[in-house]
Amino acid sequence: MKKIIILTAAFLGLVFTACENELDLNSPNDITVDQYWKTESDAQAGVNSIYAMFYKDGLWARWIYFRLDLTSDEGYSVSPWTELADWTRFNYINYNFWEGNAVTWRDTYKAIFRCNQVLANVPNITFQNENDKKQIIAQAKFFRALHYYYAGVIWEDVPLVLDPSTPADLPKQVKVDEIWAQVEKDLNEAFEDLPRDWAADQLGRPDKGAAKAFLAKVYMQQHKWNEAKGALEFLISGAGAKYSLVSNYRDNFTDTNENNAESVFEIQFGDQRKGGTDEAQNAAVSSNRSQFFAPRGIGWSDGQARIWLVDAFKQESNKGGKLDERLRWTLFYPQLLADFGDKTYGRNWEWNNNEAWFRKGSRDYYRNNEDYYSQVNYRLVRYADILLRYAEVLNELGSTSQAYQYVDLVRARANMNTLATAHPEIGNDHDKFLERLKMERVLELCGESVRWEDLKRWGDLNNQASVDKIALRDSDFKNFTVGKNHRMPIPQSDVDNNPNLEQNSGY
């Protein structure tokens, strides 16, 4: 189904570009809103156009990884493009910097616009099967929630736009709590009409499990532990309990065995189209992440991993007295050949001191370079994350002893000893369990775009003492200002042009 969704969605971008708040002159042959939204096929194409936004520069094709991975203590940049690297160092000067901020803001609201078009127009279309209409509307609600979720994580207080926008609109900014409330509303409503499972030829669309997973995420960011517990239990022991950990950890990061039993929701990428990221019919449907994060001489090398991650993996041996196998598939690092017998992209590598690169999502298994057309799907949520989240929630609700088993499920796949055996000092101490769980999430999920939201949820960015601890492993955090840098600045051009917008405090 990967290719079906992608091709249809990329084409439909043509239909709606003229309706969005852009400065392009419209062709008289363009389809207008009044002419469109008449048939079931219009509705289906409309929702498919939302999927096309995954392939845009500001979102999951390229730049959002710089915000979620490199801004966190897992990654950093030494790019010769100084301004780009500065946006991973909390040195924000030009708030309109395209690659660092403005394009992600633009594409976020462009995606929300497409969702709002579906939600405003599809209810008025007659369907032969009313359930088909409900599922289209549910998908639009899911994706509006998804994009507002990441807007809340990145910028926090942003405009809440729930109707198709026009160039004259001056949307009002709301507090992040109101953003979270809308995300909850959309996801709960989407859950009701999304199927538990899609037919095989519809693989890649969000289902009930995906809705509950994102509900758990938004509840946890607000410390709504009881609500998060209910959402996660749907996936683990409730009606949506269809997930399991795949036996081969690496299968979560290559283009083989995609959409497997561990996948809760993943973005479908492909390399069959070699166009740009605009709205042309040959627009690319691939990921650029590996191109920008690959080691020098293989990719652009604009983003890499912190060496403390390698050290973290080596703190504990597995049951056989060997290294944690997850390290092998997570990072490229100087001792990779000695530790596991793997060369970096099959090459003899000249390493700098304390150097590491993200391996997840790379194509090193069959080629020795990267380009702009990676077909490796990106797993936004997988079951291992769900299990570790459930353990965190149980710990917060005072059930620490019950939380161990869910961490142990994740550790067992890596042939690690049980948590109680490896770390008996934790006992039922809430704080000690949470500190260890923070490390368990690093070992399992490093480089998967969850660390920034984790740091925010744990309050690690809220006081100078905890930021100083982070700075010991990531020197960029020496530039971090508490009360300011936990969120990005809003593009200044939007603030200047909209009297209903205020720049985030401290900027």
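Helix α19 spans residues 464-473, and its buried residues are S466, V467, I470 and A471. Seen down the axis of α19, these residues fall within an arc of 150°, so they line one face of the helix. The model is a predicted one.

Q: What makes residues three or four places apart in an α-helix point the same way?
A: An α-helix has 3.6 residues a turn, so such residues point the same way.

Q: Which exposed residues does α19 carry on the face turned away from its buried side?
A: That face carries A465, K469 and L472. Exposed means over 50% relative accessible area.

Q: What do the buried residues of α19 pack against?
A: They pack against α18, residues 451-457.

Q: Why is S466 called buried?
A: The cut-off for buried is under 20% relative accessible area. S466 has 13% relative accessibility, so S466 counts as buried. This residue sits in helix α19. Not counting residues up to four places away in sequence, S466 touches G459, D460 and L461.

Q: Why does V246 count as buried?
A: Its relative accessible area is 11%. Buried means under 20%, so V246 qualifies. V246 lies in the loop between α9 (225-236) and β4 (263-267).

Q: Which residues is V246 in contact with, leaving aside its neighbours within four places in sequence?
A: V246 is in contact with D251, N252, N257, N260, A261, E262 and R413. Contact means heavy atoms within 4.5 Å. As for N260, V246 and N260 are 14 residues apart along the chain. Their C-alpha atoms are separated by 7.5 Å.

Q: Why is β4 described as largely enclosed by the rest of the structure?
A: In β4, 5 of the 5 residues are buried, so the strand is largely enclosed by the rest of the structure.

Q: How do you know that β4 and β8 pair?
A: Pairing takes at least two bridges between two strands. Here 4 bridges join β4 to β8, residues 378-382. The two strands therefore pair. They run antiparallel. F265 stands opposite V381 in β8.

Q: Why is P123 called partly exposed?
A: Its relative accessibility is 39%. Buried is under 20% and exposed is over 50%, so P123 falls in between. P123 is in the loop between α5 (98-121) and α6 (130-154). Leaving aside neighbours within four places in sequence, P123 is in contact with V118, K133 and I137. The C-alpha atoms of P123 and K133 are separated by 7.5 Å, and these residues are 10 places apart along the chain.

Q: Are S301 and N354 buried or exposed?
A: S301 has 11% relative accessibility, which is under 20%, so S301 counts as buried. N354 has 55%, which is over 50%, so N354 counts as exposed.

Q: What is said of phi in S301 and N354?
A: Phi of S301 is near 60°, a positive value in a residue other than glycine. N354 has a positive phi of about 55° and is not a glycine either. S301 is in the loop between α10 (289-293) and β5 (304-305). N354 is in the loop between α13 (336-340) and β7 (357-358).

Q: Why are C115 and C446 called buried?
A: C115 has a relative accessible area of 0%. C446 has 0% too. Buried means under 20%, so both cysteines qualify.

Q: How many disulfides does a search of the whole structure find?
A: The search finds 0. A disulfide would need a pair of cysteine sulfur atoms within 2.5 Å.

Q: Which residues does UniProt list for "domain: RagB/SusD"?
A: The unreviewed entry lists residues 262-507. That span is 37% helix and 7% strand, with end C-alpha atoms 41 Å apart. The annotation "domain: SusD-like N-terminal", also from an unreviewed UniProt entry, covers residues 38-220. Residues 38-220 are 57% helix and 3% strand, and their end C-alpha atoms lie 40 Å apart.

Conventions:
Residues numbered from 1 in each chain as written. Predicted model: local features only at pLDDT ≥ 70, side-chain atom pairs only at ≥ 80, totals over all residues. Heavy atoms only, no water. Buried < 20%, exposed > 50% of the residue type's maximum accessible area, 1.4 Å probe, protein only. Arc of directions from axis to C-beta. UniProt positions renumbered as here; feature names shortened; annotations may be inferred.
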